[in-house]
Structures are given as structure tokens and as C-alpha cells.
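Good morning, everyone, and thank you for making the time.

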Amino acid sequence: MNPPLSTWDTRKTELELPEEIDLQVELANVGSRTLAILIDLTLGGLVLFIVYSLWELLAHNISEDWFTKMSSHVLKIVLLLLFFGFQWCYFNFFEWLWNGQTPGKRLLHLRVIKVDGSPVSGIDVLLRNLSRPVDTLGPMGLIGLLMIFINRKAQRLGDLMAQTLVIHETAIDWSIFDQMEAVAGGGSTTPSIRLNAKQWELLHRYLNRREKFEYDVRERLAQTVYDVLKRTAQGTDLERSPLPPEDWLVELARRT
Amino acid sequence: MTLGTFVRNNRPRWQRLETMLSFIETRGPSKADRPFLRELSALYRATTGDLAFAQTHYRGTTLQLFLHQLVARAHNQIYRPHRLSPYILGKFIFHEIPQAIREHLPSVTWAAIIFLMGIALGLSAVQFDERAASIILPNNVLNSIYSGKMWTGSIFSVLPAPVASTYLFTNNISVALLAFAGGLSCGVITAVILFQNGFMLGVVFKLCADYGLLGAVLAFIAGHGLLEISSIVIAGGAGLVVANALLYPGRYSRNDALAVQGRTAVRMALACIPALVTAGCIEAFVSPSHAPIWFKAMLGLMVGGCFWAYLLLTGKTAVKPPAK
């Protein structure tokens, strides 16, 4: 049995744009959403811890002058406001300011969007984040987890109320198309072989990335790709070619 | 057209769009000039065309996914929601919030009924057995009532008023917002919060009356009580609106009812925030002071009256859009 190629959740959902194009987005999975929240909690907790330590230091200071007392009180107010702000404003503030992202979400390339694909507005952000105590934080998080598992669009209660989705944005890597210029059109006079788009892409992604693999992985992958693309060469001299899989694939690319 | 030719022909355009998007995402749309925006919208339209082409001819390829991502990013920048402006903020505060509350006065009434039931049970519980107070009041409060003194004196002499007011209003706002969010638990959490707060009030009243502190507790509560209780009840009403959408969605699907009613309910909950900040300041600065009771009562009635007047009377006229 082959291990799964990617552990990333590939649940997708379709959106409709005003341009009448279906937009497919990749929904963020439970793991990445939980991790993003943990990152956010850690960040906020760190800030709270620093202010709390400062306050403790001042509150137990031996000198009783008015300045120490006052700054201890000021720090206490700051601490209370920070705690409150972290609890109720942190997610709201960042998702509003950064168009659906918090620091944790940004690190993991997650983003909150509306169900119709448009960016979130202030009210949407409030709706999905004010409901966190009921479906994200503490033991209630189980409800949110369950919702993300069973809901078709991976929406927790707050997402349902705000009509939002959390999506994963894959970085666009144009470099997979870089090699095609180098390989294609080697000036061979042999009859060309037609590949469909998927086959073509498979071939070029392999050729583009083969140098990054260990030797044995590279061989094994070449064999897999060769098995898939073998039938495209039916009826040409390449079909019975004795070349090893990798060279065979280079030859195939030259002929397309 | 083969995939290779398609990529080769159009890739410069996609990469140009990508760099423009990175610029506008990091620097904001206000930094972009007119030719820039014109080029952006032209590129966006061209790329949606490419996406449509790729969806027909290159289904399931990475290229299709990339174009999706690119179009989605551009779409996010082009169809931005309204920026926050004084007009939108004013409309929100003076029209949408009061209208949301007036629309859902029945829910607020139900919240008040649950709260009153809490008070009634608190009163009768202490009447029946004085020890019932210990299930909801902390020991130091109980002890000071038993010795015939207000518990507030010891608390407010330790904490300076600014710290106390911050503590009070952050705490109260958390309770109010939780009462709103609790609607998602089909109203269970909301009802518990309303009932618990009412119960506590009932217990305190009955206990103080038994130990000759009724005057003192009334004097303490006169300044901020009306505003604070109104806010909690309104936030509870917001929670009940959400619960109602979940339990009795009516002609809508449950999903749509939640989305529609949640939008008005959150406006109701937001109304409580400034009210609770005010109530917290009064509770910390005025209520523990030795100001005469008539002054505190006047203040309480005035602030509470203003709050209700704002909720019930403003925003009845149609809103005027700003002059261009």
C-alpha cells in the first residue's frame, strides 16, 4: 500500500463569482485550523504573561513611593484591558484589519472568506468571533471540532451564523512550468506524441522536480510516472524502447 | 492549444497581475493610482477568461488551481466591502442598533422574564432557608452581611476606582457577550446566565433586608443598577433571538434563519458595550461614595432613561446618504 501523497485535506467547495465562473477553494482542515488557533493563543498568552510579570514585580516592590504604586495600578488596568481585549477583540481586530487573517492564520496560509467568495466585512468577523466561547474555546472546542468534521463546508456554528468559510491558500509556484522551455522542442524529427493536459502536466512536474529527490525516490517515481504514461506511446517506436524509465520520460517530453 | 503554449503565451500577464496584487495587498488600494487600477481590472478580466478556458480544456491540472487562486485573490481586492466611514458608523449606531432592538422587543421581554424568575427564586430561596445564599455568594460577602456591614466598603477601599471600574466593565461585557453567544447553544447558556444573575440579585436583596442593610444596598445600586440590568437583559434578548432562529426557523432554512437573525442579534449585543462601560464607571466612582441617595437615584434614572430613549426613539426617520 502506498502512503497517502498528502496529509492535507483536499475537501473542496465551489463558489460562484459575478463573472459566472465557479471558483474552487480548498477548505482548511481541522488540524490547520486548530494549529492556527494555538499559535494565536500562544502569541496573546505571551503578551499577557509579560505584562503580568511586570505587574507582579511592581506590586511586590518593597519601596512604597507613589510612582511604584501608580504604575502598578496602571499596569493592572492595562492587564485587565489586555486580558479582555485578547478574549474578545484579538480575533475580531486582526480578521477585520487583515482581510480574514490572524497572525496564526497568516502563518498557515488560512483565510476567512464569505460563502459567496467575497471578503469578510466587520459584522461577519464579529459574528464568527463573538461566538468563539460557545464553539472554540475550552471544552466547548469539541463542538467546533465536531462541526468542522461533519459540516460539508467545514463551518463551525460561528461560521454558519456569519456565513463564512476558512480556506487554505496554496502558494502559486510558477516554477513548475520553468523547465518546459528547456525540454520541449529538442529539434527531433521523430513523429510527435499527443498528451492530454493532465498527462502533460504530470510529465513536466516530474521532470522539473526530479533533481530535488534522493536517487532511489527518483527512480521509483520515474517508474510510477512511466507506468501511467506508457500507453501514450502506443504505436510508436518509443513503445518498445529499452530506455530506463527516466530517460524514457525525457525522450517522451522531447517528442510532445 | 496545448497546455504548454497556453502557459507560454499568458504567463507574463498572470505574473504581472500577481505582482500588482502583492503591491495592493501590502500597501492598500489608496496607494494605487488610476492607470494602475485600470490595468488591474483589465488584467483581472483577462485572467478570469483564462480561468474559464482552463476549466474547459485543462480540468484538474495544477494550472487550473493556480488560476483559481489568482482570480480569487484579485476578486478579494476588487470586491472589497465598504470601508469604515463616519456615515456608515453613524448609520450603524443611530439606525441599525436601535432598529434591531425595537424589532426584537419580544425577545428582550422574554429575557427580562427569565431574569425576574431568577430574582423571585432568589428571594424565596433565602426566605425558605438562609443558607441558600452560600451557593451563590462568596464567603467574605456573606460574613460582612451577617455582621451588618456592606461588603462593598472593603472591596472599594483596596482597589482604586479606575482599576475597579475597568474590572467591573470588562467583567460585565464578557457576561453580556457570553449571553449573546450562548444563543448558539439553543439558548441554554443565555438562560443560565440571565437566571443566575437574577438569582444573585434576589438573594442579595432578601439577605440584606433581613440584616437591616436594605437602605444601604439600594443606595449602592441606585446609580448603576438600571443601566447594568437593562444591558444584561438586552444581551440576553440577543441570545434568545439566535436561539429562536435555531429552534423555530419558520419559513427559512435553519441555516438562513441563523444567518439573518444573527446579524440583527449582534447589533443588540453591541449596544450593551458602551452602556456597560458607563455602568462600570458609575459603580466604581459614584456608587461607593458618600453622595446622597437622591443624587445616585437621579443619576441612575437619567443614565438608564437616556439609554432606553436612545434604543426606543432614535433612528425612526430614513437615513440620508452623505452628499457627494
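Taken over C-alpha atoms, the centres of domain 1 and domain 2 of chain B are separated by 52 Å. The assignment for chain B places domain 1 at 3-78 and domain 2 at 87-313, and these bounds come from an automatic or database domain assignment.

Before I go on, please keep in mind that this is a predicted model, in which local features need pLDDT of at least 70, side-chain atom pairs count only at pLDDT 80 or more, and totals for chains, interfaces and linings use all residues. Residues are numbered from 1 along each chain as its sequence is written, while chains are lettered from A and ligands numbered from 1 in the order in which they are written.

A word on confidence, then. The score called pLDDT is the predictor's confidence in each residue, from 0 to 100. Chain B averages 88, with 97% of the residues scoring at least 70, and chain A averages 79, with 82% of the residues scoring at least 70. Over residues 1-10 of chain A the pLDDT stays under 50, and the model has four contacts beyond four places in sequence for that stretch; by a contact I mean two residues whose C-beta atoms, placed from the backbone, lie within 7 Å. Among the elements of chain B, the lowest mean pLDDT, 73, belongs to α7(B), and the highest, 95, to α11(B). When I say helices (H or I, at least four residues) and strands (E, at least two), I mean DSSP runs, numbered from the N terminus. For the model, ipTM is 0.83 and pTM is 0.80.

How many residues does each chain bring to the contact between them? Chain B gives 49 residues and chain A gives 43 residues. On the side of chain B that touches chain A, the elements giving two or more residues are α1 (3-27), α2 (34-57), α3 (62-78), α8 (161-181) and α12 (254-285), and the largest share, eleven residues, comes from α3(B). That side of chain B divides into 26 nonpolar, 19 polar and four charged residues, where Ala, Val, Leu, Ile, Met, Phe, Trp, Tyr, Cys and Pro count as nonpolar, Asp, Glu, Lys and Arg as charged, and the others, Gly among them, as polar.

Let me turn to the interior. A residue is called buried if 20 or more other C-beta atoms lie within 10 Å of its own, exposed if 12 or fewer, and partly exposed in between, with C-beta atoms placed from the backbone. A nonpolar core is a set of buried Ala, Val, Leu, Ile, Met, Phe, Trp, Tyr and Cys residues joined through C-beta atoms within 7 Å. The largest such core has 122 residues, and those with the most contacts inside it are Leu203(A), Ala176(B), Phe180(B) and Ala269(B); α12(B) gives the most to this core, with 15 residues. Leaving aside neighbours within four places in sequence, Phe180(B) is in contact with Leu130(A) and also with residues of chain B, including Ala235(B), Ala265(B) and Ala269(B).

Which residues of α8(B) meet α9(B)? They are Val175(B), Leu178(B) and Ala179(B), and on the side of α9(B) the partners are Ile189(B), Thr190(B), Ile193(B) and Leu194(B). The axes of these helices, which are lines fitted to C-alpha atoms over the stretch in contact, with angles running from 0 to 180 degrees between N-to-C directions, come within 7 Å and cross at roughly 140 degrees. In the loop between α8 and α9 of chain B sits Cys186(B), whose phi is near 60 degrees, a positive value in a residue other than glycine. Cys186(B) counts as partly exposed because 14 C-beta neighbours are inside 10 Å.

Finally, chain A, which has twelve helices and four strands, and in which 29% of the 256 residues count as buried. Val112(A) lies in strand β3 (residues 110-114) and counts as buried because it has 25 C-beta neighbours inside 10 Å. Not counting residues up to four places away in sequence, Val112(A) touches Glu95(A), Gly100(A), Val120(A), Thr164(A) and Val166(A).
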